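Please look over the sequence and the model together before reading on. The paragraphs below are meant to be read with both in view.

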Amino acid sequence: MLAGGLALGTTAHASLTFTFDYSTNTAGVGFDHAVTGAARRAALETAGTRFSTMFGTFFSNSANIVLTATSTFDPGGPGLASAGTGISYVPGFGGGEAVRAKLVSNGATDVNGASNDGGVNVNWGAAWQLDPDAPVTDLDFDFYTVLFHEFTHALGFLSQIGQDGTDAFGDGTAGGTGFAGTWAKFDQYLTNCAGTSLIDAGTGFTNLAVYTPAITSAVCFESAEAGSVKMYTPGLYAPGSSVSHLDKVNGNETALMKYDLGTGPGGARAYNTDEVNIMTSLGYTRVEANGVPEPGSIALVLAALGGAAFARRRKA
């Protein structure tokens, strides 16, 4: 199914598989580092397995997901890791998202075909605690909090709206190309916190008169399941962070999907109520709906089209 010569690692949880493709790593660095590469691969695969267990306590969806795993080394950089999903040109909400479409359909829909569903990138310049059961010191970042956060972006907790209001293909504004946008399902529920959608569902264009003032002041995720949940909208637009994360208000100060993380213990490794409700709105099947808890599977993906970064927060 994959091109010859791929270096693969697979984690399994119940009937689900979570496969990482390391073949694009430069020899001797990143996940292929002569000394630390094996431990890094083991940590990523453990994160995949443990995330599947967590996800499965809330949702019953499953699929076989293949992810490209890549690395950076930036000790002083603000980013800890990033992830996204493969995107295909399908105007409307959610039809082009490879990972979400595959998981929501339990493997029946494969937008990317023979290609990997997406990928994940880890900054090995950060100080990580890679042992999932060891205490996280005040000098280290919790690898599992960060990877769980990024896996969730890959599942679809991620906006495709750019700073100028266009989608990942540069479409979606009548004043631009004039083509309707290819939006994430997530974008369907974004409003100005006063009930007006950021994107016109009828035309597929961004409501720029609504979007422009809202993007640096007040954006909410509004749905029947979630109610109205405030998203992160700093006064200065932050690529990869604005809109795609929860604001730290109304109980979300310690949420998994908040926009930053400091060193030390206490990072979330499970969804809170708002996060479960948002994921339900994105099409995932809650375990309660079936009556029988089942392990879920997850996939993480990086793509040139739509990734989000977990920002590093330095403690004072």
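This is a predicted model: local features need pLDDT of at least 70, side-chain atom pairs count only at pLDDT 80 or more; totals for chains, interfaces and linings use all residues.

Residues are numbered from 1 along each chain as its sequence is written, and side-chain values use heavy atoms, with hydrogens and water left out.

Helix 1 covers residues 37–56, and because its 20 residues at 1.5 Å a residue should span 28 Å, the 29 Å between its end C-alpha atoms agrees with expectation. Helices are DSSP runs of H or I with at least four residues, strands are runs of E with at least two, and both are numbered from the N terminus; the expected span is 1.5 Å times one less than the number of residues. Among the buried residues of helix 1 are R40, E45, F51 and F55, where buried means under 20% relative accessible area, exposed over 50% and partly exposed in between (1.4 Å probe, protein chains only).

The structure holds one disulfide, a term for a pair of cysteine sulfur atoms within 2.5 Å. C193 and C220 form this link with their sulfur atoms 2.1 Å apart. C193 lies in the loop between strand 10 (190–191) and helix 4 (208–214) and C220 in strand 11 (residues 220–223), so the pair ties together parts that are 27 residues apart in sequence. C220 is buried at 5% relative accessible area, whereas C193, at 28%, is partly exposed.

F169 lies in the loop between helix 3 (143–155) and strand 9 (182–183), and counts as partly exposed because its relative accessibility is 33%.
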